[in-house]
Amino acid sequence: MRKPIIAGNWKMNKTAKEAVELINELKPLVAKSKPEVVVCVPYTDLWAVKEAIAGSKIKLGAENVAWADSGAFTGEISADMLKEIGVEYVIIGHSERRQYFGETDESVNMRLKQALAKGLKPIVCVGETLTEREKNKTKRVLKKQVLEGFKDVVDFTDIVIAYEPVWAIGTGKTATAEDANKTIGYIRSLVKKTWGAEVAKSLRIQYGGSMKPSNAKELMAMRNIDGGLIGGAALKAQDFASIVNYKG
Ligand code: PEP
């Protein structure tokens, strides 16, 4: 019922020239893909990638969006700027933004509301750190991130949540499929309690954190897992395509 969605997060990797090379290699490999395929790329790659993916199934995403329409926000990028290029998806609240750039649940909420108001589809990242996990605070942390991050949001149609345990991002450590499924089940139950059963049933929730060709099938077989947000493995066409084609 929920269409799986596999999204690449390129982070701060690939010049525009390298981006086009990667897309050209990727395109034939995902031509028959069943899941929705998205690449979230650096701002400077957006135009080139938009042209490179033309006629393919790959959709275009950005890695952040400003909460304001325009103005004195040096270094930010507006929703209109992204929309004009043809961006469809946008990552909001990635743990690297939270860790290094002061992103908070409040700023995530502001960016999310702006994305929705402007017709961008947000991929909102939540997840606990290793310390929080070791202190048994995972549920408490996720509850705060979800309730504050999604405050005042009523329509979840275009929203994707990415559950990314911070300790699993870029570390090679993956949550076990059972663990990821259970935690995503908790997020779904939170959504159900606050926004209702229908929203919870149709909301797509991805897993992210060292997802790779060797573990994609097992993770994707889980009832609550509707896709993946892929960092490192999204930078290699063969690896990303293997994840997209996890069903074989
Ligand atoms: C990410 O950055 O969202 C991510 C999941 O990274 P990696 O796949 O490299 O762990």
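Tutor: We start with a term for how open a residue is: a residue is buried if its relative accessible area is under 20%, exposed if it is over 50%, and partly exposed in between, using a 1.4 Å probe and protein chains only. The model is a predicted one, in which local features need pLDDT of at least 70 and side-chain atom pairs count only at pLDDT 80 or more, while totals for chains, interfaces and linings use all residues. Residues are numbered from 1 along each chain as its sequence is written, and side-chain values use heavy atoms, with hydrogens and water left out.

The part to look at is strand S8, residues 227–230. Strands are DSSP runs of E with at least two residues, helices are runs of H or I with at least four, and both are numbered from the N terminus. S8 is covered on both faces. Gly-227 and Leu-229 are buried on one side, and Gly-228 and Ile-230 are buried on the other.

Next come the neighbours of S8 in the sheet. Two strands count as paired if DSSP finds at least two bridges between them. Strand S1 (residues 5–9) runs parallel to S8 and is joined to S8 by 4 bridges. Gly-8 has Ile-230 of S8 as its bridge partner. Strand S7 (residues 204–208) also pairs with S8 in the parallel sense, over 2 bridges. Here Tyr-207 stands opposite Gly-228. From S7 the chain passes through helix H10 to reach S8, a β-α-β crossover that is right-handed. Right-handed means that, with the strands pointing away from the viewer, the path from the first strand over the helix to the second runs clockwise.

The loop between H10 (213–220) and S8 holds Asp-226. Asp-226 makes a salt bridge (a side-chain nitrogen of Lys or Arg within 4 Å of a carboxyl oxygen of Asp or Glu) with Arg-188, and their closest N and O atoms are 2.8 Å apart. Because Arg-188 sits in helix H8 and Asp-226 in that loop, the pair ties together parts that are 38 residues apart in sequence. Asp-226 and Arg-188 are both buried.

Helix H8 takes part in another such link. Arg-133 and Asp-179 meet through their side chains in a salt bridge of 2.6 Å, N to O. Arg-133 is in helix H6 (residues 130–134) and Asp-179 in H8 (residues 177–195), so this pair ties together parts that are 46 residues apart in sequence. Arg-133 counts as partly exposed because its relative accessibility is 27%. Asp-179 has a relative accessible area of 25%, so Asp-179 is partly exposed too.

Lys-201 and Glu-198 form a salt bridge with their closest N and O atoms 3.8 Å apart. Both residues lie in helix H9 (residues 197–202), 3 residues apart, which is about one turn of the helix. Lys-201 is partly exposed because its relative accessible area is 43%, whereas Glu-198 is exposed because its value is 57%. Elsewhere, salt bridges that share partners join Glu-36, Lys-59, Glu-88, Lys-121 and Arg-204 into one network. The whole structure has 20 salt bridges.
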